[in-house]
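Let us walk through a protein model together. Keep the structure open beside you and find each part as it comes up.

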Amino acid sequence: MGERIKVLLVEDDGDSRELLAELLEPEFDVRTATDGVAGLKAFEAEHPDVVVTDESLPGMNGTELAQKVKEREPRARVILVSGYTQVQGSEHCDVVLRKPIDVERLSAALGRLGEEARH
């Protein structure tokens with residue numbers, strides 16, 4: 001087994017962010033950021049395989065972040081988490097998951113996208 005898939009989790013709600021990071025950490029190498037701007041900085045510093053971002057973030061929303069991530073690293077994968085089914089700009093994202101997050105579905109998507117990002 002190679003290196004664990006690197007995941008950047010961008011979520012402005014502290015409780016959700018911590019809980020999700022805890023649930024994903026056994027399987028993935030998880031970094032977190034509190035908003036879109038911090039998320040982009042963390043992306044540039046850490047070069048994660050997959051970014052999981054909430055759509056509604058202060059400063060820069062999830063779809064804007066996804067677009068900037070893809071501009072910098074087209075192989076990186078983005079999972080957008082949203083309370084809505086239709087999100088403008090979601091074409092920049094590889095997967096859109098509805099809230100509340102189903103952690104098993106998220107893990108499965110992370111595993112698949114993480115492999116894609118590396119090949």
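A residue counts as buried when its relative accessible area is under 20%, and as exposed when that value is over 50%. Keep those two cut-offs in mind. Note also that this model is predicted.

V50, V52 and D54 point one way. V51 and T53 point the other way. Both sets are buried.

T53 sits in strand β3. Its relative accessibility is 1%, so T53 counts as buried. Now find A33, which is 20 residues away from T53 along the chain. The C-alpha atoms of T53 and A33 are 9.3 Å apart.

Which strands pair with β3? One is strand β1, residues 6-10, which is parallel to β3 and joined to it by four bridges. You can trace two of the pairs by eye. V7 has V50 as its bridge partner in β3. L9 has V52 as its bridge partner in β3. Strand β4, residues 77-82, also runs parallel to β3, and five bridges join these two strands. Here V52 turns up again, with I79 as its bridge partner in β4. To get from β3 to β4, the chain passes through helix α3, residues 62-72. This β-α-β crossover is right-handed.

Go back to β1. Four of its five residues are buried, so β1 is largely enclosed by the rest of the structure. β1 also pairs with strand β2, residues 29-33. These strands run parallel and share five bridges.

Now turn to a helix. Helix α2 spans residues 36-46, and its buried residues include G36, G39, L40, A42 and F43. Why do these residues lie on the same side of α2? They do so because they cover an arc of only 165° around the axis. The face turned away from this buried side carries K41 and A45, which are exposed.

Is H47 buried or exposed? Its relative accessible area is 55%, so H47 is exposed. The backbone of H47 deserves a look too. Its phi is near 50°, a positive value in a residue other than glycine.

Next, look for empty space. Rolling a probe the size of a water molecule over the atoms shows where such space is left. How many cavities of 30 Å³ or more does the structure hold? It holds one. The largest cavity has about 40 Å³ of space. Its lining is made of L9, V10, E11, L20, V52, T53, D54, V81 and I101. β1 and β3 each supply at least two. By class, the lining has six nonpolar, one polar and two charged residues.

Then move to the largest pocket. About 170 Å³ of space lies in it. Around this pocket you will find E11, S16, L19, L20, L23, K99, P100, I101 and V103. Which element gives the largest share of the lining? It is helix α1, residues 14-24, with four residues. The lining of the pocket has six nonpolar, one polar and two charged residues.

Finish with two neighbours from the pocket lining, K99 and P100. What kind of peptide bond joins K99 and P100? The bond is cis, with omega at about -10°. P100 is in the loop between β5, residues 95-98, and α4, residues 103-118.

Conventions:
Residues numbered from 1 in each chain as written. Predicted model: local features only at pLDDT ≥ 70, side-chain atom pairs only at ≥ 80, totals over all residues. Heavy atoms only, no water. 1 Å grid on protein atoms, 1.4 Å probe; cavity = no way out; pocket = protein on both sides within 12 Å on 5 of 7 lines; lining within 4 Å. Points joined across faces, edges and corners; volume = space filled by probe spheres on them. Nonpolar A, V, L, I, M, F, W, Y, C, P; charged D, E, K, R; others polar. Buried < 20%, exposed > 50% of the residue type's maximum accessible area, 1.4 Å probe, protein only. Pairing = 2+ DSSP bridges. Right-handed = clockwise from strand over helix to strand, strands pointing away. Arc of directions from axis to C-beta.
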